[in-house]
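Have the model open beside you as you read.

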Amino acid sequence: MTSTAARSRVFVTRALPGSAPIEALRAACAVDVWEGDEPPPRDALAARAAGCDGLLTMLTERVDGALLDACPTVRVVANMAVGFDNIDVPAATERGVLVTNTPGVLTETTADLAFALLLASARRLAEGEAAVRGGTWGPWNPSWLLGREVAGATLGIVGPGRIGAAVARRGQGFGMPVLYSGRRAVEDFPGAFVPLDALLERSDFVSVHVPLNEDTAGMFGDEAFARMKRTATFINTARGGVVDQAALARALRAGTIAAAALDVTTPEPLPPDDPLLGAPHLLVVPHVGSATGQTRERMASLAVAGLLAGLAGERPQHPVNPDAWERRR
Ligand code: DGY
């Protein structure tokens, strides 16, 4: 595998977590790593990618036809994320550029975060902590900071992929009946398949696990929130783009739903003066679903493996556009 990759030049758009992934890449290729903590600006990305055979990108890099045209030697783009909405996959396929992603290795970690958001929102942890630090913690009061019960509440999973299933299992462990919706029923999914409208109407907690694409963009808007219970909590650890944020803010302000907890927003980072943050009963964390050292290192290793396989002309474990690979054979 490494004989072809050994002659390859690759650009990595951020320092990788752990030492093993970058060492494996350096052992096989000439490696250039972006030195900043922030993503490379677009012109810098194009300049550093020029002349490279492969790119290892983060979800912050927009990889589209214009970028690929600016670096026509690039044959493989390994995205260190399970989501690949930052990549124009048809544009890559058209140009014979193989794209890989990193599914499977962040499932449990992201599910943990989704469930942490569910519990934190249900039990109003952020408000409680703010009260402790803000000096408004008074004597124990039987009616203060009352939250919503989790055991026995219905959990609705939208998007029955790996992460959705892992959140469903957590819900069952907490005594929650689980509903799920998606394009079709999934064998052995831990829950009952229902149409989306029924899920929204019946769930106490709605947790989103769909990829962002043209079918899902903005799927949670006024209509979806209006279908949900007034006591419901909306949780999103997928992508900010699946939500119409103005509609979410309206729903929270009007009491159409009770609360929301988000790991993902549009844009990211969300400016502190974004109107969404003025909405009540909203918990937002900064896209940390996969943020543990072990998981991020596994994601980096899988991205490196995808890049090396693609450069060596082998089928990677997780090709996003296998057509591009087939076409090059
Ligand atoms: C992904 O891999 O798509 C996640 O959003 C990163 O945390």
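How much area do domain 1 and domain 2 bury between them, and what share of it is on carbon and sulfur atoms? In this predicted model, the two domains bury about 610 Å² between them, with 49% of that on carbon and sulfur atoms. Leu59, Asp85 and Gly104 supply 55% of the area that domain 1 buries against domain 2, more than any other three residues.

To find your way around, note that the domain assignment gives domain 1 as 2–105 + 292–328 and domain 2 as 107–284. Taken over C-alpha atoms, the centres of domain 1 and domain 2 are separated by 32 Å. The contact involves 10 residues of domain 1 and five residues of domain 2.

Which side chains meet in a salt bridge at 2.9 Å, N to O? They are those of Arg239 and Asp85. Across the interface of domain 1 and domain 2 there is one salt bridge, and three residue pairs are in polar contact. By class, the side of domain 1 that touches domain 2 has four nonpolar, four polar and two charged residues.

## Salt bridges elsewhere

How many salt bridges does the structure hold? The count is 17. One of them joins the side chains of Arg48 and Asp32, at 2.8 Å from N to O. Arg48 lies in helix α3 (residues 42–49) and Asp32 in strand β2 (residues 30–33), so this pair ties together parts that are 16 residues apart in sequence. Arg48 is partly exposed, with a relative accessible area of 21%, and Asp32 is partly exposed at 27%.

Another salt bridge pairs Glu127 with Arg124, their closest N and O atoms being 2.8 Å apart. Glu127 counts as partly exposed at 36% relative accessibility, and Arg124 counts as partly exposed at 21%.

Now look at Asp112 and Arg170, whose side chains meet in a salt bridge of 2.8 Å, N to O. Asp112 sits in helix α6 (residues 107–122) and Arg170 in helix α8 (residues 162–173), so the pair ties together parts that are 58 residues apart in sequence.

Is Arg170 buried or exposed? At 18% relative accessibility, Arg170 counts as buried, because the cut-off for buried is under 20%.

Notes
Residues numbered from 1 in each chain as written. Predicted model: local features only at pLDDT ≥ 70, side-chain atom pairs only at ≥ 80, totals over all residues. Heavy atoms only, no water. Domains from an automatic or database assignment. Contact = heavy atoms within 4.5 Å. Buried area = accessible area lost by both parts, 1.4 Å probe. Salt bridge = Lys/Arg side-chain N within 4 Å of Asp/Glu carboxyl O. Polar contact = N/O pair within 3.5 Å; in protein donor to acceptor, adjacent residues only side chain to side chain. Nonpolar A, V, L, I, M, F, W, Y, C, P; charged D, E, K, R; others polar. Helix = DSSP H or I, 4+ residues; strand = E, 2+ residues; numbered from the N terminus. Buried < 20%, exposed > 50% of the residue type's maximum accessible area, 1.4 Å probe, protein only.
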